[in-house]
Amino acid sequence: MATISLSRLRQDLEALARFGKTGSGVTRPAWSPAHEEARSWLLGRLRDAGLSPWVDPAGNTFGTTPSPPGSGAASGAPAYLGVLSGSHIDSVPEGGMLDGALGVLAGLECLRTIRESGLRLTHPLTVVAWSDEEGRYGSLFGSKAFTGKLDPEELPNLRAPDGERLVDAMARAGFNALEAPLAARDPKSLAAYVELHIEQGPHLEAARIPVGVVTGIVGIRRNRVVFVGEPDHAGTTPMERRKDSFLAAAEYALKARELVVKRGSGRSVTNFGVVEVKPGVANIVPARTSLLQEIRELDAAILDRLERRCLGLARRIATRRGLGAEVLPVARNEPAQCAPRVQAVIEAACLELGLPSQRMPSGAGHDAQNLATVTEAGMIFIPSRGGRSHRPDEASDWEDIERGANVLLHTLLALAA
Ligand code: GLV
Ligand code: MN
Ligand code: MN
């Protein structure tokens, strides 16, 4: 039975982790110098593996098995990609070495293994590193472009939380952001999509199951909720006269959490990841407080309802406190269902390898949710140590990484046969 080489995969994972290394973690935001150096390294690894790499106008990086003779495909992007597998090489600030990197490098390792085995398959195989999965500028940028979901009019206005414009960041990396929509591909160029990823949560480890077969991926609503009060002297203004935007924001954060927990599906979550208080001075009452809020849920109707209720709550709190409230939508991802056929093929691969598996939803967002709108898409999860992710000590056991990569290998072989 064909198997991947863990030592080769481990070497690649450790090599990629050096780009953007910060202490024990990795900081490799999309289009940053560290990310672009990582891309050059990946292009070299794809070339070394004979996988004819190319980069599309949205910065997605691909490598593919050689097209069968007579198919007419020249070098560069072929018309038919066949079975596509991958993930992303950007990271959150102070993230770990596996989120995204595992799916890309395991995909590369699987294609290398298949090339070396000399097996003849009906469909070609392609590996991809999607750009800006972590959403420094919007969300799931590269796969949105590939699946034709980018709004060209939005591109000039997209900014990172630190204010940097997408057009400037992409220009620095040698790309024209306004051309990103040209990355859109005809769905007919794909046979299926499979992504291997760490679970990033505690469920597989707790259940002592080595493989998760993903059934669906949560939708995400990201909104900026701004409370507008008045800047007053923090020593002389009586407490009851203050229009303190921070206190409204604090009340909202606590009550919105309660609402999402009580009125959601039981799996619904919310997070306030960025808080800005203006003018941000110790002796001025906060005049303007902005919260970057995410709400996540698998059921689209529940997600919409939670978003509506949260925004209504923000307005009521502002009115009661004599403040204004503004809501600016930042990003939306729709929930996605994984294809039953791909789930069944992953389960069959687990059976073949003698590995127990468990069906489960994904609480993290993934490019697979965009791919699921244009092709049969699925995901394979492996356990995360302590359920930890989006932090420097994110880790999985090497045995679990090997198992996951072998499940990916046999899934790809079955889908491309
Ligand atoms: C991606 O990691 C996300 O779920 O935000
Ligand atoms: Mn992530
Ligand atoms: Mn990821």
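1. In this predicted model, Leu105 touches Leu9, Asp12, Leu13, Leu16, Trp41 and Leu42, once residues up to four places away in sequence are set aside. Leu105 is also named, together with Leu13 and Ile401, among the residues with the most contacts inside the largest nonpolar core, a set of 54 residues. The largest share of this core, 10 residues, is supplied by helix 11, which covers residues 398-416. As background, nonpolar side chains in soluble globular proteins tend to be buried together.

2. On the helix 3 side the contact is made by Leu102, Ala106, Gly107, Cys110, Leu111, Thr113 and Ile114, which meet Ile401, Ala405, Leu408, Leu409, Leu412 and Leu413 of helix 11. Divided by class, the residues of this contact are 11 nonpolar, two polar and no charged.

3. From helix 7, the residues Ala248, Glu251, Tyr252, Lys255, Ala256, Leu259, Val260 and Arg263 take part, and they meet Arg305, Leu306, Arg309, Cys310, Leu311, Leu313, Ala314, Ile317 and Arg320 in helix 8. The make-up of this contact by class is 11 nonpolar, no polar and six charged residues.

4. Arg316 also belongs to helix 8, and with a relative accessibility of 54% this arginine counts as exposed, the threshold for that label being over 50%. Although Arg316 and Tyr252 stand 64 residues apart along the chain, their C-alpha atoms are separated by 9.5 Å.

5. Finally, Thr375 deserves a separate look, since a relative accessible area of 12% makes this residue buried, that term applying under 20%. Thr375 sits in the loop between helix 10 (368-371) and strand 15 (377-382). Beyond its neighbours within four places in sequence, Thr375 is in contact with Leu190, Ala191, Ala192 and Tyr193.

How values were computed. Residues are numbered from 1 along each chain as its sequence is written. Chains are lettered from A and ligands numbered from 1 in the order in which they are written. This is a predicted model: local features need pLDDT of at least 70, side-chain atom pairs count only at pLDDT 80 or more; totals for chains, interfaces and linings use all residues. Side-chain values use heavy atoms; hydrogens and water are left out. Contact means heavy atoms within 4.5 Å. Helices (H or I, at least four residues) and strands (E, at least two) are DSSP runs, numbered from the N terminus. Ala, Val, Leu, Ile, Met, Phe, Trp, Tyr, Cys and Pro count as nonpolar, Asp, Glu, Lys and Arg as charged, and the others, Gly among them, as polar. A nonpolar core is a set of buried Ala, Val, Leu, Ile, Met, Phe, Trp, Tyr and Cys residues joined through side-chain atoms within 4.5 Å. Buried means under 20% relative accessible area, exposed over 50%, partly exposed in between (1.4 Å probe, protein chains only).
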